[in-house]
Amino acid sequence: MSGIEKDNEIKTAARAEGFTEEEENEIGTIKAEIDCITPPTSEQLEKIERFIRTEYGAEKVDFVIKKDASVVGGFRIFVGDDNYDWSTLGRIRQLRKSFQALPKQYDPHKIISLLREDIKDFELDAGHQQVGFVRTVGDGIAVIEGLHDVRYGEIVLFDCGIKGMAQDLRSDGTTGIVLFGDDSEISEGARVVRTGRTAGIPISTKILGRMIDPLGKPIDGLGEIGAKEYFPTERPAPGIIDRKPVSRPLETGLLSIDSMFPIGMGQRELIIGDRQTGKTTVATDAILNQKGKNVVCVYVAIGQKASSVAKVASVLSKGGAMDYTVIVSSPASDPASLQYIAPYAGCAVAEYFMYRGRDVLVIYDDLSKHAVAYRTLSLLLGRAPGREAYPGDVFYLHSRLLERSAQLSDKLGGGSMTALPIVETQAGDVSAYIPTNIISITDGQIFLESDLFAAGQRPAVNVGLSVSRVGGAAQTKAMKKAVGALRLDLAQYREMQVFSQFGGDLDAGTREQLIYGEGLMRLLRQDKQSPMNLHEQVIVLVCAREKIFVGVPPKEIKNYEKKLLDYFEHYQSSLCLKIEHDKVLSDEIKNDIITAAKKFASENN
């Protein structure tokens, strides 16, 4: 059948369906816009028409030719939301990509040879690119029409250079885009193109010691990172086969945590509490304690004050921790879109090192502000609000982030990622929406109580509400034996303390238990930025259970503890080294600790 016969058949069918003559003529016709400086010749126009008819199966092409100085030379052709960049700059970009794909060679003669070979074999492709147009823009959100093949989470690029991420694929063919920049630079009708890749971060080992934003740009004033590799911010969590059980401890250096709520490499342990209860201090102390332990640390600040982030960076720098730490910061002044992507960017940095066989500690400070940023974006995108105005997928928001923490199998290099997410509560309410969500995702929580903090108990760990679901599996044998029934002793002390407030005479056993419990609480107090080594923790716990500190006035217990540890460092250094190296507390070592402690007590009475 000829083209004319086919066209007549289509029009006859259209007439039967009730189409007007004008509508009949438009059937089988496709519109194309050509942007150029010099209009195409009749021969060029014929070739372009032949290409479009072949590509789209059209019977006729209706051309609209527009003059555009930005084209420089050649043509840019738009067919619906498809763009074919046949301009001079478009061809140069293709050639540049071809050069960038060449293997890295250090011999200049080989580079020249490769370039010549690549130029000789270089062929221009059709330069196809989908293009959309901005329908509305405002409040960090752009709604675009076109780009029908865009994927959820894909990065798109606007004419002005601002990037955005597709977050809302709608049934009417429009797409909601969250912007990673100032929306005042984008106007209605502006063009937007697909990049073909999801959000990612440029990365290399040079990123250690740097502070970056969620897009990977350095914000510490130390120059470019020079990273060439592009690592996606979102990727599936490792499956069960790719993991192995959590068995190695990640020591925080905090006696109250390492003894009763041990954290293992690959675990997700929530730090939860009201505002100003020391949550960030616990996290930074954990980072400081990783010095010399070959652990990479990633601190993600979400919605924090810039001064608070600078303070954390200063603390880590003074403690010599920045050499193995990366800070990903999206302060409160950033748009909600950047705060939303920040923890995923930090997780990507951590995964980069984990899949290279390294142990990584990542801290998200904090996920309650992250949930608020996501709620803001969702409401602006027009999604239906649920409980507390959060969207229905807010649980998935954090589960897909925290599930990426794992202890990888030996087949995948044996690396690990340990996550310490932080969540802020209101008036100690752990049953609120976001806290309960994250509690159900994590492997335990460390609850910091306001009343304990106000009473001078630092870190203010509530022993009753805190738990580690990994437990002794991630504890050294020395620590497991030294801690004994410490949690039970503290629980009994708190119960007796409540009853003693009602007054009345107390028997000698109760008074002794109260004195012993108060001494334990004093021993669990620890100055910030003063992490304890394993042997120090073991010695203190053994001495406490043997009630070496019972006769010491409560206010003098911390000074007494410091002198006792100094005594062991000077006169029992071989014993300290043995505990640190073997990580085992045998009966012989335990007896040596008790004997040395009693000797110290007799010399200092």
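What percentage of the 605 residues of the chain count as buried? The answer is 48%, where buried means under 20% relative accessible area with a 1.4 Å probe, protein chains only.

Before you click, note that this is a predicted model, in which local features need pLDDT of at least 70, side-chain atom pairs count only at pLDDT 80 or more, and totals for chains, interfaces and linings use all residues. Numbering runs from 1 along each chain as its sequence is written, and side-chain values use heavy atoms, without hydrogens or water.

**Whole chain**

Show the cartoon. The chain has 20 helices and 20 strands. These are DSSP runs, numbered from the N terminus: helices are H or I with at least four residues, strands are E with at least two. Now the contacts (heavy atoms within 4.5 Å). Of those with a separation of 6 or more, 73% are between residues 24 or more positions apart. Switch to the surface.

Most residues other than glycine have a negative phi, and most peptide bonds are trans.

- Select Asp139, in the loop between β5 (128–138) and β6 (141–146). Its phi is positive, about 55°, although Asp139 is not a glycine. Asp139 is exposed (over 50% relative accessible area), at 61%.
- Select Gln276, in the loop between β14 (270–273) and α7 (279–288). Phi of Gln276 is also positive, near 60°. Gln276 is exposed, with a relative accessible area of 59%.
- Select Asp365 and Asp366. A cis peptide bond joins them, with omega about -5°. Asp366 lies in the loop between β17 (359–365) and α10 (367–380).
- Select Arg458 and Pro459. The peptide bond from Arg458 to Pro459 is cis, with omega near -5°. Pro459 sits in the loop between α13 (450–454) and β20 (467–468).

**A helix pair**

Show side chains. Thr280, Thr284, Ile287 and Leu288 in α7 meet Val312, Val315 and Leu316 in α8. The residues of this contact divide into 5 nonpolar, 2 polar and no charged. Nonpolar covers Ala, Val, Leu, Ile, Met, Phe, Trp, Tyr, Cys and Pro; charged covers Asp, Glu, Lys and Arg; the others, Gly among them, are polar.
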